Amino acid sequence: MGDTGFVGTRGGRGVLAAGAAVLLLAGCGSGSGSGGDDAKAAALGKGQVASVLPDAKAAPGWRLYMKPAALKPTAEYPPPVCVSRTKEQRETACRPATSWGSSAFVRKADRTTLNFWVLAYEDEKAADAAYDVLIKWYGGDRVGQNARKVDLGGTGAEREADRAAVGTMGGPGTIAQIRVGTTVLGISTGTDGTSAVPDQEVKAFATMFAERAQQAQNGEKPSAALPGQ
């Protein structure tokens with residue numbers, strides 16, 4: 001990845017589409033904190049979706065490459081992060097989405113990318129159905145051949161993460177997907193180097209992201225962040 005592109009711009013469809021492309025490249029690889037089954041599950045507006053996405057304060061040690069931004073999908077511009085195998089699955093997962101957004105980071109020391117995306121729905125039932133479709137695309141070996149599971153603990157109501165030693169960027173990569181109430185969250189890491197993002201760090205990303213989604217659904221301003229470095 002180059003050093004120019006997204007910093008200083010936000011909200012444009014081209015920016016978000018580019019961010020989604022970064023994510024796909026890198027990946028091809030109860031209570032207010034956990035987003036568990038008994039937590040609140042309110043529908044989020046576009047502004048709230050943008051606030052869920054981690055920013056520079058939420059991910060110390062990483063350089064913000066694409067600022068958090070969200071859009072309402074249209075028939076002409078469906079969410080590029082919503083990918084499925086069939087037209088019927090797209091109808092289930094993508095058409096009901098009310099907003100979507102993404103943010104992206106890089107770590108120059110080891111040429112690693114870190115990407116986040118959100119799809120928001122009107123209710124838990126729609127989000128649950130979308131999760132089931134999307135995990136068929138993003139789960140398993142989508143990150144790379146011979147992928148293995150990464151333990152995310154009890155994060156969210158549903159979750160899966162997979163790591164491959166060789167992703168499409170050439171080095172280790174991970175893809176994680178989590179459902180928190182009315183949202184489906186995605187995280188990917190990738191590198192053209194050799195240093196994998198450790199499993200515990202992936203778990204920390206997932207926990208922080210899920211907590212931000214739950215805070216928004218609780219009517220709070222998302223504030224969850226990784227520990228400072």
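Visitor: Are F105 and F116 buried or exposed?
Guide: The model is a predicted one, so the answer rests on computed values. A residue counts as buried when its relative accessible area is under 20% and as exposed when it is over 50%. By that rule F105, and F116 likewise, is buried.

Visitor: What kind of aromatic pair do F105 and F116 form?
Guide: The structure holds 6 aromatic pairs. In the pair of F105 and F116 the rings lie 5.9 Å apart centre to centre, with 85 degrees between the planes. Planes over 60 degrees apart count as edge-to-face, and the pair of F105 and F116 is accordingly edge-to-face.

Visitor: Which parts does that pair tie together, and how many residues apart are they in sequence?
Guide: F105 belongs to strand β2 and F116 to strand β3. The pair therefore ties together parts whose separation in sequence is 11 residues.

Visitor: How many residues apart in sequence are the parts that the pair of F116 and F205 ties together?
Guide: F116 and F205 also form an edge-to-face pair, with 6.3 Å centre to centre and 85 degrees between the planes, and both F116 and F205 are buried. Since F116 lies in strand β3 and F205 in helix α5, the pair ties together parts that are 89 residues apart in sequence.

Visitor: Which element gives the largest share of the largest nonpolar core?
Guide: The largest nonpolar core has 34 residues, and F116, L152, L185, I187, F205 and F209 are those with the most contacts inside it. Two or more residues each come from α2 (46–52), β1 (63–71), β3 (112–120), β6 (173–180), β7 (183–191) and α5 (199–217). The largest share, 8 residues, is given by α5.

Visitor: Which residues does I187 touch, not counting residues up to four places away in sequence?
Guide: I187 is one of the residues with the most contacts inside the largest core. Contact here requires heavy atoms within 4.5 Å. Leaving out residues up to four places away in sequence, I187 touches L114, N115, F116, W117, T174, I175, A176, I178, F205, A206 and F209.

Visitor: Where does A213 lie, and which residues does it touch?
Guide: A213 lies in helix α5 and is buried, with a relative accessible area of 0%. The C-alpha atoms of A213 and A41 are separated by 9.6 Å, although the two residues are 172 residues apart along the chain. Not counting residues up to four places away in sequence, A213 touches V52, V180, T183 and L185.

Visitor: What is the handedness of the disulfide of C82 and C94?
Guide: C82 and C94 form a disulfide with their sulfur atoms 2.1 Å apart, and C82 and C94 are both buried. The pair links C82, in the loop between β1 and α3 (87–93), to C94, in the loop between α3 and β2 (99–107), 12 residues apart. The torsion about the S-S bond is about -95 degrees, so the disulfide is left-handed.

Visitor: Is N146 buried or exposed?
Guide: N146 lies in the loop between α4 (124–138) and β4 (148–149), and its phi is near 60 degrees, a positive value in a residue other than glycine. Its relative accessible area is 69%, and the cut-off for this class is over 50%, so N146 is exposed.

Visitor: Where is R111, which has a positive phi although it is not a glycine?
Guide: The phi of R111 is about 55 degrees. R111 has its place in the loop between β2 and β3.

Technical notes:
Residues numbered from 1 in each chain as written. Predicted model: local features only at pLDDT ≥ 70, side-chain atom pairs only at ≥ 80, totals over all residues. Heavy atoms only, no water. Core = buried A, V, L, I, M, F, W, Y, C linked by side-chain atoms within 4.5 Å. Buried < 20%, exposed > 50% of the residue type's maximum accessible area, 1.4 Å probe, protein only. Helix = DSSP H or I, 4+ residues; strand = E, 2+ residues; numbered from the N terminus. Disulfide = S-S within 2.5 Å. Phe/Tyr/Trp six-rings, centres within 6.5 Å; stacked < 30°, edge-to-face > 60°.
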